[in-house]
Amino acid sequence: MSGRSHRYDVRVEWTGNTGAGTAAYRAYERAHEITAEGKPPIPGSSDPVFRGDGTRWNPEDLLVAALSACHQLSYLHLCADAKIVVTAYEDQADGIMVEDDRGGGRFQSVVLRPVVTVAPGSDVERARELHHVAHERCFIAGSVKFPVTHAPEIRVAAEPALAAGALG
């Protein structure tokens, strides 16, 4: 594979030392901050199932979010190139992770469920097909070992109402 190389530098700092460090499994918090130069911090933790703080982002959330956002950005680019006007895009993605007997685990699958609204007159079938191309072009989906599928819904925006007074 040839091509341009891109580097992404982030810093993850554990902020969960309650005074005893990791002297015991229950003695520390899983809190951490994810930062990158010029960007707001992301408060992180582990999933509550693993003694984390449910009000903070966990790595599993971030992986599913990365897949969803990457697909969205690839899709919007393709629609712009195809002259399909997207007026709204929302995804309710979910991932399934399975723990193993050794204390680890892995993602089994992620399903993206984008609901896309296109302008009247848009080619709805082409808009649907472009999800397959977006999946092929998504850098994150191409980097994971588990299946990432998508079940898109394409809606057509209502025709704009005639301006008041234009009827008569």
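1. A search of the whole structure, which is a predicted model, finds 4 aromatic pairs. Rings of Phe, Tyr and Trp (its six-membered ring) are taken to pair if their centres lie within 6.5 Å, and planes under 30 degrees apart count as stacked, over 60 as edge-to-face and the rest as tilted. The rings of Tyr75 and Tyr89 have centres 5.9 Å apart and planes at 50°, so this pair is tilted. Tyr75 belongs to helix H1 (residues 59–81) and Tyr89 to strand E4 (residues 86–91), so the pair ties together parts that are 14 residues apart in sequence. Helices (H or I, at least four residues) and strands (E, at least two) are DSSP runs, numbered from the N terminus.

2. Both partners of that pair can also be described by their accessibility, where buried means under 20% relative accessible area, exposed over 50%, and partly exposed in between (1.4 Å probe, protein chains only). Tyr75 counts as buried at 0% relative accessibility, and Tyr89 is buried with a relative accessible area of 16%.

3. Ring pairs also link Trp14, Tyr25 and Tyr28 into a cluster. The charged end of Arg30 sits over the ring of Tyr25, at 4.5 Å from its centre, and Arg30 lies over the face of Tyr28 as well, at 3.9 Å from the ring centre. A charge sits over a ring if NZ of Lys or CZ of Arg is within 6 Å of the ring centre and within 35 degrees of the ring normal.

4. How do the helices H1 and H2 cross, and at roughly what angle? The axes of H1 and helix H2 (residues 124–137) come within 8 Å and cross at roughly 125°, where axes are lines fitted to C-alpha atoms, for helices over the stretch in contact, and angles run from 0 to 180 degrees between N-to-C directions. H1 and H2 are therefore oblique to each other, given that angles under 35 degrees count as roughly parallel, over 145 as roughly antiparallel, 65 to 115 as roughly perpendicular and the rest as oblique. On the H1 side the contact is made by His71, Ser74, Tyr75, Leu78 and Cys79, while residues of H2 that take part include Leu130, His131 and Val133. Contact here means heavy atoms within 4.5 Å.

5. His32 is found in strand E2 (residues 32–35), and at 14% relative accessibility His32 counts as buried. Leaving aside neighbours within four places in sequence, His32 is in contact with several residues, among them Trp14, Ile42, Pro43 and Arg56.

6. Two residues deserve a check of their backbone angles. Most residues other than glycine have a negative phi. Phi of Arg51, however, is near 70°, a positive value; Arg51 is found in the loop between strand E3 (42–44) and H1 and counts as partly exposed at 36% relative accessibility. Phi of Lys83 is near 65°, also positive, and Lys83, found in the loop between H1 and E4, is exposed with a relative accessible area of 70%.

7. Thr87 lies in strand E4 and, at 49% relative accessibility, counts as partly exposed. Thr87 and Ala119 are 32 residues apart in sequence and 6.4 Å apart in space, C-alpha to C-alpha.

8. A note on the basis of these points: residues are numbered from 1 along each chain as its sequence is written, and side-chain values use heavy atoms, with hydrogens and water left out. In this predicted model local features need pLDDT of at least 70 and side-chain atom pairs count only at pLDDT 80 or more, whereas totals for chains, interfaces and linings use all residues.
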